[in-house]
Amino acid sequence: MPPNPPLTDWRGRVAWIVGASSGIGRATAARLARAGAQVVVSARSRDALAGFVDTYPGALALPLDVTQRDSVLAAHDDQMGRFGRIDLLLYCAGHYQAQRATALDLDELLRHEQVNYVGALHVLDAVLPVLLAQGSGHLSFVASVAGWRGLPNALAYGPTKAALNNLAECLHLDLSARGLGVSVINPGFVETPLTAGNPFPMPALIQPDEAAAAMLAGWARGEFDIHYPKRFTRLLRLLRCLPHRLYFPLVRKVTGL
């Protein structure tokens, strides 16, 4: 039996994508719209959301700032006033800037925390009462393989994605018996505006639409941990099993630290 109720038929389902202005979020919103879902797209960029609605006229654009609780609540109220329910909440808002401890930037550390994790809590606070009242629905959070273990250049980013993985596990334990699905998305390298500035080669780099296809396939199978591309993420899963006395020297050797 899969960890979650499989999501296979999107016709008529209401899917709220937070972080839909570009990259994985926009590609997933597009796939859901083509599959027949009623898609609600949110992000800070009004122009990007308007462009999505121009392409998919049935979609609803609700601009918001995930770091502002009142902004999230207002968008949620608008969405509920229009549709009265939520079948999927995908939290895909993210911030990324490479950082190492030798050049610590507290403002950037806190910016990552506010967008990548606290923003997810703001959205969770808004939608969870609705899902509990419905007795159905699915929460999905886009984390990263960078949250599985400590990695170079991930001082600001990795801990926030580790927090999302832990949050999703806690939520699944609390909510599965109530009929709710919870999943966490752990991508490898995807070609998006967030990764465009990486100064290093990105192995197994894929396009946003490939990432979106993997996510819909994972939801259809009822998976909890949806990670991709498998040729890369399976290797990183093995690294999770290594003791620190082996892991640290291996990462230093591979990355040239």
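Let us start with an open space in this predicted model: the second largest pocket, which holds about 340 Å³ of space. Its lining is made of 21 residues, and those nearest the centre of the pocket are Gly-150, Leu-151, Pro-152, Asn-153 and Leu-257. Two helices, α5 (157-175) and α8 (244-255), each give at least two residues to this lining. Helix α8 provides the largest share, with four residues. What kinds of residue face the space? Sorted by class, the lining of the second largest pocket has twelve nonpolar, six polar and three charged residues.

Asn-153 sits in the loop between β5 (138-142) and α5. Its backbone has a positive phi of about 70°, even though Asn-153 is not a glycine. As background, most residues other than glycine have a negative phi, and most peptide bonds are trans. Keep that second point in mind as you follow the chain onwards. Tyr-228 and Pro-229 are joined by a cis peptide bond, with omega at about -10°. You can find Pro-229 in the loop between β7 (225-228) and α7.

How many cavities of 30 Å³ or more does a search of the whole structure find? The search finds one. The volume of the largest cavity is about 70 Å³. Around it you will find Val-145, Trp-148, Arg-149, Leu-151, Leu-236, Leu-239, Arg-240 and Tyr-247. Helix α7 (residues 230-240) contributes three residues, the largest share of the cavity lining. By class, the lining of the largest cavity has six nonpolar residues, two charged ones and no polar ones.

Phe-189 belongs to the loop between β6 (181-187) and α6 (208-220), while Phe-232 belongs to helix α7, so the pair ties together parts that are 43 residues apart in sequence.

Which residues make a nonpolar surface patch of about 360 Å²? The patch is made by four leucines: Leu-104, Leu-106, Leu-110 and Leu-155. To place one of them, look for Leu-106 in helix α4, which covers residues 106-134.

How values were computed: Residues numbered from 1 in each chain as written. Predicted model: local features only at pLDDT ≥ 70, side-chain atom pairs only at ≥ 80, totals over all residues. Heavy atoms only, no water. 1 Å grid on protein atoms, 1.4 Å probe; cavity = no way out; pocket = protein on both sides within 12 Å on 5 of 7 lines; lining within 4 Å. Points joined across faces, edges and corners; volume = space filled by probe spheres on them. Nonpolar A, V, L, I, M, F, W, Y, C, P; charged D, E, K, R; others polar. Patch = residues over 30% accessible without salt bridge, like charges linked within 9 Å, V, L, I, M, F, W, Y side chains within 5 Å. Areas by Shrake-Rupley, 256 points an atom, 1.4 Å probe, with all protein chains shown as cover. Salt bridge = Lys/Arg side-chain N within 4 Å of Asp/Glu carboxyl O.
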